[in-house]
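Biologist: Please take a close look at the ligand site in this model and walk me through what surrounds it. I would like one connected account.

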Amino acid sequence: MTSITLRRPDDMHLHLRDGAMLAAVLPETARHFARALVMPNLVPPVVTAREAAAYRDRIRAALPEGMAFDPLMTLYLTETTDPADVAAAAASGLVTAVKLYPAGATTNSQSGVRDFARVQGVLDRMAEIGLPLCVHGEVTDPDIDIFDREAVFIDRVLDPLRRRTPGLRVVMEHITTRDAVDYARSAGPDLGATITTHHLILNRNHILAGAIRPHYYCLPVAKRERHRLALREAATSGEARFFLGTDSAPHPDARKEQACGCAGCFTATNTMPILAHVFEEMCAMDRLEGFVALHGAAFYGLAANQARLSLSKRATAAAWPEKILGGAGSVTVFNPGFPVYWHVDD
Ligand code: DOR
Ligand code: ZN
């Protein structure tokens, strides 16, 4: 196969930031994606419906002329989130999901949840109205090894939370382990799971063997090779529970390349060529459209996009800028570490 035409994809987990960074990175996503579920971990976070509406306005205002892109908004769950505000934001169509960060789990998660009992009222309301909860699934207990934090979260937090909140629709975000793949498969259609581009490419050796590579550091951190293989199998399985959420997360290079570097891989620019490469390797090109454009939309109850995106395989490797430049400082584009011959057609 040397070319493929898909429905225009959706990125069901994206960090756009704000201000100069938003302006720099938004075109990278809008060039290929029709919609994205926009994460709310700004400083301060997007907690209320009013804040989500204002953030959506800033995103729309930052979109260059002639580009079409629909931001799907999320609210950042805090222990003081008002169930009525969430319900009103959902009813008006303003928000598509609520994001749960365990406090301290990742970038800008300080306002997240410490005591899960304090958000039960919001979760019950969300179950009632069918509003999905997107979960950053890592425990933050310093006694738990960082490579075990996802698997432990499933047992200690996620499974109990789902049992005490029947009917709650949950997305396990950016899964990184075979344990998460297995758990997602053990559940019914109330549970989905996003998989990033970079977790299909990286194992922990890529980050640490021979040298430390800060641009491959993200959270949840990439795991052993057997987990990467499980993710590739899941993403290309054709199962509707698995869909793309890139977690593309821009940080200025100066904040990545320092003694205490931030977590995040920036994959908005080259996700589509890289995914075509992976799906071809897995003999699953016929399942790429489901992963990027159908399963996520169906989970969120959205119509699939009408517009199309075409990719073709060429003799020369695809080229993309090494860095995105903007007022917020340069952002390094994810380097898969091998040539990619799939190009997005203009
Ligand atoms: O690597 C990550 N970066 N993981 C997250 O969960 C957050 C994200 C960010 O916002 O930078
Ligand atoms: Zn994220």
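Modeller: Thr106 places a polar side-chain atom 3.0 Å from an oxygen atom of ligand 1. This is a predicted model, so that distance, like the others below, is computed from predicted coordinates. His136 also makes a polar contact through its side chain, with an N or O atom 3.3 Å from an oxygen atom of ligand 1. Gly264 contributes through its backbone: an N or O atom there lies 3.3 Å from an oxygen atom of the ligand. Taken alone, ligand 1 would expose 290 Å², and the protein buries 100% of that. The ligand sits in the largest cavity.

The shell around ligand 1 has 14 residues, and the closest are Arg17, Asn41, Thr106, Leu219 and His251. Sorted by class, the shell is made up of eight polar, four nonpolar and two charged residues.

Two of those closest residues are worth a look at the backbone level. Arg17, one of the closest, lies in the loop between strand 2 and helix 1. Its phi is near 60 degrees, a positive value in a residue other than glycine. Leu219, also among the closest, is joined to Pro220 by a cis peptide bond with omega of about -5 degrees. Pro220 belongs to the loop between helix 7 (204-208) and helix 8 (225-235). A cis peptide bond also joins Val43 and Pro44, again with omega of about -5 degrees. Pro44 is found in the loop between strand 3 (35-38) and helix 2 (49-62).

His15 is in the loop between strand 2 (10-14) and helix 1 (19-30), while Asp247 is in the loop between strand 9 (242-244) and helix 9 (253-256), so the pair ties together parts that are 232 residues apart in sequence.

Methods
Residues numbered from 1 in each chain as written. Chains lettered and ligands numbered in written order. Predicted model: local features only at pLDDT ≥ 70, side-chain atom pairs only at ≥ 80, totals over all residues. Heavy atoms only, no water. Near = heavy atom within 4 Å. Polar contact = N/O pair within 3.5 Å; in protein donor to acceptor, adjacent residues only side chain to side chain. Areas by Shrake-Rupley, 256 points an atom, 1.4 Å probe, with all protein chains shown as cover. 1 Å grid on protein atoms, 1.4 Å probe; cavity = no way out; pocket = protein on both sides within 12 Å on 5 of 7 lines; lining within 4 Å. Sits in = over half its atoms within 2 Å of the grid points. Nonpolar A, V, L, I, M, F, W, Y, C, P; charged D, E, K, R; others polar. Helix = DSSP H or I, 4+ residues; strand = E, 2+ residues; numbered from the N terminus.
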